Amino acid sequence: MNEFVELRYLLTLLLRRWPVILIGALLGAGLSLGISQQMSPVYRATATLLVGQPIQATNVDSRDIQTSEQLAFTYAEIGRRQSALQRAIDTLDLDMTWRQLQERVRFRPVEGTQLLDVIVEAGSREEARRTADELARQLVLLSSCLLYTSPSPRDRTRSRMPSSA
């Protein structure tokens with residue numbers, strides 16, 4: 001009985017105060033709409049890279065996976081550096097500094113895989129897509145240069161530097 005009385009009291013209170021409740025809801029909706037209209041849209045694009053050599057063995061060793069994960073973290077760090085970011089800015093002719101681009105970009109290794117996501121936020125879909133693609137391309141170019149500059153211990157006699165011809 002007591003619960004019924006409380007429910008009746010609440011319904012009576014709501015019916016008496018409905019204009020105030022309605023005005024509050026309309027004000028909140030209007031304020032939300034106004035704020036959202038003032039905000040500029042942000043678009044996000046992602047490019048995914050496969051880091052290192054694909055694991056093709058039937059018996060995958062946990063060390064292979066760990067090595068690939070560590071390599072993905074290394075490439076993510078390389079991607080955050082000025083060289084990769086500035087090259088992308090120069091190629092795309094973006095009107096920003098490498099530090100400004102750095103704030104709009106994330107490099108995220110996908111845990112337990114050889115994958116590295118390049119995530120870019122921009123003011124348009126096309127700019128986000130082009131920037132993500134170019135950063136991925138620059139990372140591939142930089143990583144191939146890094147591979148060429150560190151010869152394999154098994155192959156100390158041959159140069160691994162790419163020929164300029």
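Asp 93 is exposed, with a relative accessible area of 69%; exposed stands for over 50% relative accessible area, buried for under 20%, and partly exposed for the range in between, with a 1.4 Å probe and protein chains only. Asp 93 lies in the loop between α3 and α4, and has a positive phi of about 55° although it is not a glycine.

The model is predicted, with local features needing pLDDT of at least 70 and side-chain atom pairs counting only at pLDDT 80 or more, while totals for chains, interfaces and linings use all residues. Residues are numbered from 1 along each chain as its sequence is written, and side-chain values use heavy atoms, with hydrogens and water left out.

## Overall arrangement

The protein has 5 helices and 3 strands, where helices (H or I, at least four residues) and strands (E, at least two) are DSSP runs numbered from the N terminus. Along the sequence the pattern is α-β-α-α-α-β-β-α. Of the 165 residues in the protein, 25% are buried. Among contacts with a separation of 6 or more, 62% are between residues 24 or more positions apart; a contact means heavy atoms within 4.5 Å.

## Nonpolar core

A nonpolar core is a set of buried Ala, Val, Leu, Ile, Met, Phe, Trp, Tyr and Cys residues joined through side-chain atoms within 4.5 Å. The largest such core holds 29 residues, of which Phe 107, Leu 116, Val 118, Leu 135 and Leu 139 touch the most other members. At least two residues of this core come from each of β1, α2, α3, α4 (98-104), β2 (105-109), β3 and α5. The largest share, 6 residues, is supplied by α5.

Not counting residues up to four places away in sequence, Leu 139 touches Leu 49, Tyr 75, Ile 78, Gly 79, Phe 107 and Leu 116.

Val 120 is placed in strand β3 and is buried, with a relative accessible area of 1%. Leaving aside neighbours within four places in sequence, Val 120 is in contact with Tyr 43, Arg 44, Ala 45, Arg 104, Val 105, Ala 128, Thr 131, Ala 132 and Leu 135. The C-alpha atoms of Val 120 and Val 42 are separated by 10.0 Å, with the two residues 78 apart along the chain.

## Packing of α2 and α3

Two packed helices are described by the angle between their axes and the distance between the axes. The axes of helix α2 (residues 62-80) and helix α3 (residues 82-92) come within 4 Å and cross at roughly 55°. This makes α2 oblique to α3. Axes are lines fitted to C-alpha atoms, for helices over the stretch in contact, and angles run from 0 to 180 degrees between N-to-C directions. Angles under 35 degrees count as roughly parallel, over 145 as roughly antiparallel, 65 to 115 as roughly perpendicular, and the rest as oblique.

On the α2 side the contact is made by Ile 78, Gly 79 and Arg 80, and on the α3 side by Gln 82, Ala 84 and Leu 85. These residues divide into 3 nonpolar, 2 polar and 1 charged, with Ala, Val, Leu, Ile, Met, Phe, Trp, Tyr, Cys and Pro counted as nonpolar, Asp, Glu, Lys and Arg as charged, and the others, Gly among them, as polar.

## Salt bridges

The whole structure contains 8 salt bridges, each being a side-chain nitrogen of Lys or Arg within 4 Å of a carboxyl oxygen of Asp or Glu. The table lists some of them.

| Pair | N to O distance |
|---|---|
| Glu 121 and Arg 44 | 2.6 Å |
| Arg 80 and Glu 77 | 3.1 Å |
| Glu 134 and Arg 137 | 3.0 Å |

The salt bridge of Glu 121 and Arg 44 links distant parts of the chain, as Glu 121 is in strand β3 (residues 115-122) and Arg 44 in strand β1 (residues 43-50), 77 residues apart. Glu 121 is partly exposed at 30% relative accessible area, whereas Arg 44 is exposed at 56%.

Arg 80 and Glu 77 are separated by about one helical turn, because they are 3 residues apart in helix α2. Arg 80 is partly exposed, with a relative accessible area of 32%, and Glu 77 is partly exposed, at 34%.

Glu 134 and Arg 137 both lie in helix α5 (residues 125-149), 3 residues apart, about one turn of the helix. Glu 134 is buried, with a relative accessible area of 8%, while Arg 137 is partly exposed at 39%.
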